[in-house]
Amino acid sequence: MTEPTDNMNEEHGYPRKYILLIAIMGILILFLSIISIYLWRENIQIKEQLSKKQQEFNEVEVMRQNLLSELTALKEGYSQLQTENADLKKEIEAKKKQIDSLIALVKKGKIAMEELKKARNEIETLKKIMRHYVQVIDSLNQINQKLMAENVQYKEKHKEASQKIQQLQEVKTQLEEKVKIGERLKALKIEAIPGFMRKGIKFVDSKRHKKVTTIKICLNIDENPLTPPGKYKLYGRVIAPDGTVLVDKEDAEHTFEFMGSHGYFSFLREFDYSGIAINDYCIYYEPPVKLIEGKYIVELYIQDYLLGKTEFELK
């Protein structure tokens, strides 16, 4: 019995090598189909992921732009807050710096949604704080306006009070001046007699300038019930024909204040006033220099006011 040959197989169908080739091609087609399905599904997933990422990016960008707009408006709002309160002004400046930091953060190239959400929370907090500041500043302004109004009223009242006090002070000064003038003593008669002392005991009057060594000055002081009793200083000024004041020594000890002026006195006496008139009060004054011809003026002052004056003439 003989074995079958290729010819025999060919007589009944395809040759074996074609069958193997077909099988291999079938396997390849199946593999390629599986790969195509896998790649198709991967492509769909990648597209979905890209679409999701793009959506997330768009959401981040939209939120970034919204936050930048809000931060810009918020900074402008803080910039418009005006107050004279130093502590509040310091707090506002700190919040403006915080806003600048948030603007820099939001403008950053890559920023996560979580960071933007955190920035959003900070913005909301800053908005609440700004509203609080607005209320505080408004309250402070109202208080300041009230205080200013009260201050104006106080100044007006103070001005009125000052004017009244000044008027009263002027009246008081006028009354004091009147009282001071009313308290002044008055001389009823003043007489200056030139002469010399004979044997140092008896006064002899003379109008010859070469003989005159003493000036006798007598006066009567009227009674004044307004004048307080006590010791009073009587200053005398003897003015020579050439206008000079006769004075023992031209120094500070021989000067006094009178009627708003400052000058020398020729003699100084002190007397007691007991509230009654003083009659025939005489002073003997010895000039320190030789007298010359001409008219002499004698002025008498009590304290700083003029009591009276007289004159005499020498030949």
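Biologist: Which residues are linked with Glu124 in a network of salt bridges?

Modeller: Glu70 and Lys127 are linked with Glu124 in that network. A salt bridge here is a side-chain nitrogen of Lys or Arg within 4 Å of a carboxyl oxygen of Asp or Glu. This is a predicted model, in which local features need pLDDT of at least 70 and side-chain atom pairs count only at pLDDT 80 or more, while totals for chains, interfaces and linings use all residues. Residues are numbered from 1 along each chain as its sequence is written, and side-chain values use heavy atoms, with hydrogens and water left out.

Biologist: How many salt bridges does a search of the whole structure find?

Modeller: The search finds seven. One of them joins the side chains of Glu124 and Lys127 at 3.9 Å, N to O. These two are about one helical turn apart, because three residues separate them in helix 4 (residues 113-182). Helices (H or I, at least four residues) and strands (E, at least two) are DSSP runs, numbered from the N terminus.

Biologist: Where do Lys231 and Asp272 lie?

Modeller: Their side chains meet in a salt bridge of 3.1 Å, N to O. Lys231 is in strand 4 (residues 230-239) and Asp272 in strand 7 (residues 267-273), so the pair ties together parts that are 41 residues apart in sequence.

Biologist: Is Glu299 buried or exposed?

Modeller: Buried means under 20% relative accessible area, exposed over 50%, and partly exposed in between, with a 1.4 Å probe and protein chains only. Glu299 is buried, as is Arg237. The two side chains form a salt bridge of 3.5 Å, N to O. This pair links distant parts of the chain, with Glu299 in strand 9 (residues 294-302) and Arg237 in strand 4, 62 residues apart. By contrast, Lys231 is exposed at 56%, and Asp272 is exposed at 52%.

Biologist: What is the order of the strands in the open sheet of four strands?

Modeller: Two strands pair if DSSP finds at least two bridges between them. The order is 2-1-3-8, with antiparallel pairing. Strand 2 and strand 8 (278-285) are the edge strands, each pairing on one side only. Strand 1 (residues 187-198) pairs with strand 3 (residues 214-221) over eight bridges, and with strand 2 (residues 202-205) over four.

Biologist: Which residue takes a positive phi in the hairpin of strand 1 and strand 2?

Modeller: Lys199 does, with phi near 55 degrees; the hairpin has three residues between its strands.
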